[in-house]
Amino acid sequence: MWGDSKPMFKSQEEIPDYFPSTPRNDWSIGLVKLVTILVIFMAGVVIGLSISAHFGRYYNSQTDLFFPSTMYTSSCEKDCMDFKNFVKPSNLMHTMTDQQLYWRASLVPKMEEFPFNRVPKVAFLFMTRGPLPFAPLWDRFFKGHAGLYSVYVHTLPDYRLNVSKDSAFYGRQIPSEEVSWGSITLVDAEKRLLANALLDYSNERFVLLSESCIPVFNFPTVYEYLINSAQSYVESYFIETPQCEGRYNRRMAPHITLDQWRKGSEWFELSRELAVNILSDVKYYSLFRKLCRPSCYPDEHYIPTFLHMFYGELNSNRTVTWVDWSRGGPHPARYGAVNITVEFIQSIRNNGTCLYNGRPTSVCYLFARKFAPSALEPLMNLTSTVLEF
């Protein structure tokens, strides 16, 4: 019986599969697994990159603390100011306000020795409303003396000088403002010229000139005269006339008294020391700005009075720019082509005697004004003879 009986349970192999897998289901499961793996892989990559970047920034920051490689890889042509441009700006254009400019220009090194080969220069400061008719004459005057002079030009704000690239005036305009005759804006223009010239640490002497000024000696004579002078040349005097005493405002007292009041030509020549002192003054300039108007002409009184009050021993109380007031009136005589002769130039060069470094000399005037544009051609004809340049 037992032998004929059938087994109660079928073997595993014989149990039918009631949920048979189809090829479609196998493919779906594989796709899900693949996507899951890819998602996990990409998440791992993102997390890894984030961690790497974090540690990379940390490492670089710690490395740069001790080894600042960016200091050597940045473009110094645009981002850095080297020493050469600090002691002598290559571009006169800037965005500084007057106040910022004056502060920057009034900085004075405490060390006596310069860390570069400093050759003293004369700064020629031209104040004009427009063209410079005597630019060709000045170019001939400057020729052959590069490195001993600097040129700065203050014009109307929107005016551009039309000169050739080989001219001493090319690229020498400074940021300028509007100027009105007889007002404090003339003093502002003078200070602006001084300040821009002071940015060049090699400039030692500063001469203010107009578009109608000419040189009456050659460059070597002018250079030696100014560089070796112990004093500056600012006309400063007091006379009991309406044009001098009559312009004094008693509201200036007690800061400026009548006996301290002075008048003089605005066409100055200054040492670097006095230029810095004038530029640094705020108190007395503010008094003139507030009280020297109208019909006071601060350009004829501010610098002469300021120097007389504080630096009289450093000033010669005379000008080196000749001018003819003999005809009277509010403006000096003007000379054109018909006036230009050898004798006329010689009369300016030998116009009396004066003191130079405490000794008498016949060389009192280095420049002259006021000349009309028509005088250019005959003056150019005299450069190789009487003018000697």
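This report walks through the sheets, helices and loops of one predicted model.

## Before you start

This is a predicted model, where local features need pLDDT of at least 70 and side-chain atom pairs count only at pLDDT 80 or more, while totals for chains, interfaces and linings use all residues. Residues are numbered from 1 along each chain as its sequence is written, and side-chain values use heavy atoms, with hydrogens and water left out.

A few words on labels. Helices (H or I, at least four residues) and strands (E, at least two) are DSSP runs, numbered from the N terminus. Two strands count as paired if DSSP finds at least two bridges between them.

## The four-stranded sheet

Let's begin with an open sheet of four strands, in the order E2-E1-E3-E5 and with mixed pairing. Its edge strands are E2 (149-154) and E5 (269-271), each pairing on one side only. Neighbouring strands here are turned by 20° against each other on average, direction ignored. (Axes are lines fitted to C-alpha atoms, for helices over the stretch in contact, and angles run from 0 to 180 degrees between N-to-C directions.)

Strand E1 (residues 121-127) and strand E3 (residues 203-210) run parallel, paired over seven bridges. Along that pairing, Lys121 stands opposite Asn203, and Phe126 has Leu209 as its bridge partner. E3 and E5 run antiparallel, joined by three bridges; there, Val207 is partnered by Glu269 of E5. E3 is mostly covered, with seven of its eight residues buried. Buried means under 20% relative accessible area, exposed means over 50%, and partly exposed is in between (1.4 Å probe, protein chains only).

Which strand holds Val151? Val151 lies in strand E2, and it is buried, with a relative accessible area of 2%. Val151 and Phe124 are 27 residues apart in sequence, yet their C-alpha atoms are 4.9 Å apart in space.

Leaving out residues up to four places away in sequence, Val151 touches Leu92, Phe124, Phe126, Phe142, Ala168, Phe169 and Arg172. Contact here means heavy atoms within 4.5 Å.

Helix H5 (residues 135-142) packs on the four-stranded sheet, touching E1, E2 and E3, and its direction makes about 180° with that of E1. Its buried residues are Ala135, Leu137, Trp138, Phe141 and Phe142. Seen down the axis of H5, they fall within an arc of 155°, so they line one face of the helix. The arc is that of the directions from the helix axis to the C-beta atoms. Just after H5 comes Gly144, with a positive phi of about 90°.

Helix H6 (residues 184-198) lies across E1, E2, E3 and E5, at about 150° to E1.

E6 and E9 (residues 367-368) run parallel and are joined by two bridges, with Thr321 partnered by Phe367 of E9.

Helix H7 (residues 219-227) has Phe219, Val222, Tyr223, Tyr225 and Leu226 buried. Viewed down the axis of H7, these fall within an arc of 165°, so they line one face of the helix.

Helix H9 (residues 283-291) and helix H10 (residues 302-310) pack at an angle of about 145°, with their axes 11 Å apart. The contact involves Tyr284, Tyr285 and Phe288 of H9, together with Tyr302, Thr305, Phe306, Met309 and Phe310 of H10. Those residues divide into seven nonpolar, one polar and no charged. (Ala, Val, Leu, Ile, Met, Phe, Trp, Tyr, Cys and Pro count as nonpolar, Asp, Glu, Lys and Arg as charged, and the others, Gly among them, as polar.)

The loop between H9 and H10 holds Pro294, which is joined to Arg293 by a cis peptide bond with omega about -20°. Ser295 is in that loop too; its phi is near 55°, a positive value in a residue other than glycine, and Ser295 is exposed, with a relative accessible area of 54%. Tyr297, also found in this loop, has a positive phi of about 55° although it is not a glycine. Tyr297 is partly exposed, at 22% relative accessible area.
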